[in-house]
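Good morning, colleagues. Please have the sequence and the structure open before you while I speak.

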Amino acid sequence: MRNLSLPLALTARISPVVVLAAAGWALTSGPATTPAAEKESAPQSTGETPSGASTAAASKQYAAAPAPCGSIGTATIKSLVPGAKTAGKEIPSTDTALRRTCSWNALKGYDYRWLDVSFEITESDAAAAKSYKATIAEKSGGGTVPGVGDAGYSVVNLTTEDKQQTREGVVIIQASNALVTVTYNGSDFESKKAPSTDEINKGAIKAAKEAVAALEGGQKA
C-alpha cells in the first residue's frame, strides 16, 4: 500500500474535536441569555390560577438534553461513518442538562466521514424559535426540512483546500424549546473529490430525524 500524506483538511478535522464541537454550539448559543421578559405567558381563562397556567406551559418544554451518543442508531452510524466506533465521543459541556454533543469520525481507506449531533435546551419555545430563525438567516442556499419538529432547515456547502474537496451538510431542527443541530461531512483523499450533495444532505437529515426522535422519547419538564 502506497504511503499517503494526508492534506491539512484531514488533520484539521481529526485533531480539534473540541474546536469543531464548540463551533457547532456557536450556532445555538443565543437562547442561553434570552431575557426573562421574552418568556411566553399563557392567557388565563376565568377561574384559572396563575400556578395552573405556569404548570401547563412548563409541561410542553423539554427539561434536559438526551444522551447524544445514544441518539443515533448503530446501523445509521455504520452507514454514515464507516469504520467509526459506534459509541461515539461526547464532548465536555459546562452544563450537560442544557447542552450536549457527540461526534463520530473515521477514515476508512481514503474515505473520511464526520458526524456531529448536538442538543440545546432553551428556556421557552419562543427562545428556541428566535435562535433557530437567527441561525438559518446566516446560512443561505438551503431549504426547509418538513415533518421534523416544529421547524427544520438543511444546507450543504462545498469547500476546497489544497485541491481537496470537502462537502458539509448542516441540519437545524427546532422542537418546542429544544434545538437539534446535525453536521455531516466527507472527503475522498485519493480522488480529492467530495461526496455528492444528495449523499451528504440525505445523511444529515436521516441523523437529524433520529436525534429528534430520541429527544421526543425522553423526559419532558
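Cysteine 69 counts as buried, because its relative accessibility is 19% and the cut-off for buried is under 20%. Cysteine 102, at 0% relative accessibility, counts as buried as well. Please keep in mind that this is a predicted model.

These two cysteines are joined to each other by a disulfide, with an S to S distance of 2.0 Å. The structure holds one disulfide, and the link of cysteine 69 and cysteine 102 is right-handed, with 100° about the S-S bond. Which parts of the chain does the pair tie together? Cysteine 69 lies in the loop between helix 3 (50-58) and helix 4 (74-80), and cysteine 102 lies in strand 2 (residues 99-108), so the link connects parts that are 33 residues apart in sequence.

Seven strands form an open sheet, and their order is 1-2-3-7-6-5-4, with antiparallel pairing. At the edges stand strand 1 (89-91) and strand 4 (143-144); each has a single partner strand, so one side of each is left without a neighbour in the sheet. Strand 3 (residues 111-121) pairs with strand 7 (residues 178-188) in the antiparallel sense, over 11 bridges. Within strand 7, threonine 181 is the residue that stands opposite serine 118.

I turn now to the helices that lie across the sheet. Helix 5 (residues 125-137) lies across strand 5 (151-161), strand 6 (164-175) and strand 7, and runs at about 155° to strand 6. Helix 5 has 13 residues and spans 18 Å from its first C-alpha to its last, close to the 18 Å expected at 1.5 Å a residue. Which residues of helix 5 are buried? They are Ala127, Ala128, Ala129, Ser131, Tyr132 and Thr135, and the buried residues of this helix pack against strand 5, strand 6 and strand 7. Helix 6 (residues 197-216), in turn, lies across strand 3, strand 5, strand 6 and strand 7, at about 150° to strand 7.

Let me end with the chain as a whole. Its secondary structure comes to six helices and seven strands, which run α-α-α-α-β-β-β-α-β-β-β-β-α from the N terminus on. Of the 221 residues in the chain, 43% are buried. Among contacts with a separation of 6 or more, 64% are between residues 24 or more positions apart. Finally, the accessible surface of the chain comes to about 11100 Å², and 53% of it belongs to carbon and sulfur atoms.

Key:
Residues numbered from 1 in each chain as written. Predicted model: local features only at pLDDT ≥ 70, side-chain atom pairs only at ≥ 80, totals over all residues. Heavy atoms only, no water. Pairing = 2+ DSSP bridges. Helix = DSSP H or I, 4+ residues; strand = E, 2+ residues; numbered from the N terminus. Contact = heavy atoms within 4.5 Å. Axes fitted to C-alpha atoms, helices over the stretch in contact; angles between N-to-C directions. Expected span 1.5 Å × (residues − 1). Buried < 20%, exposed > 50% of the residue type's maximum accessible area, 1.4 Å probe, protein only. Disulfide = S-S within 2.5 Å. Areas by Shrake-Rupley, 256 points an atom, 1.4 Å probe, with all protein chains shown as cover.
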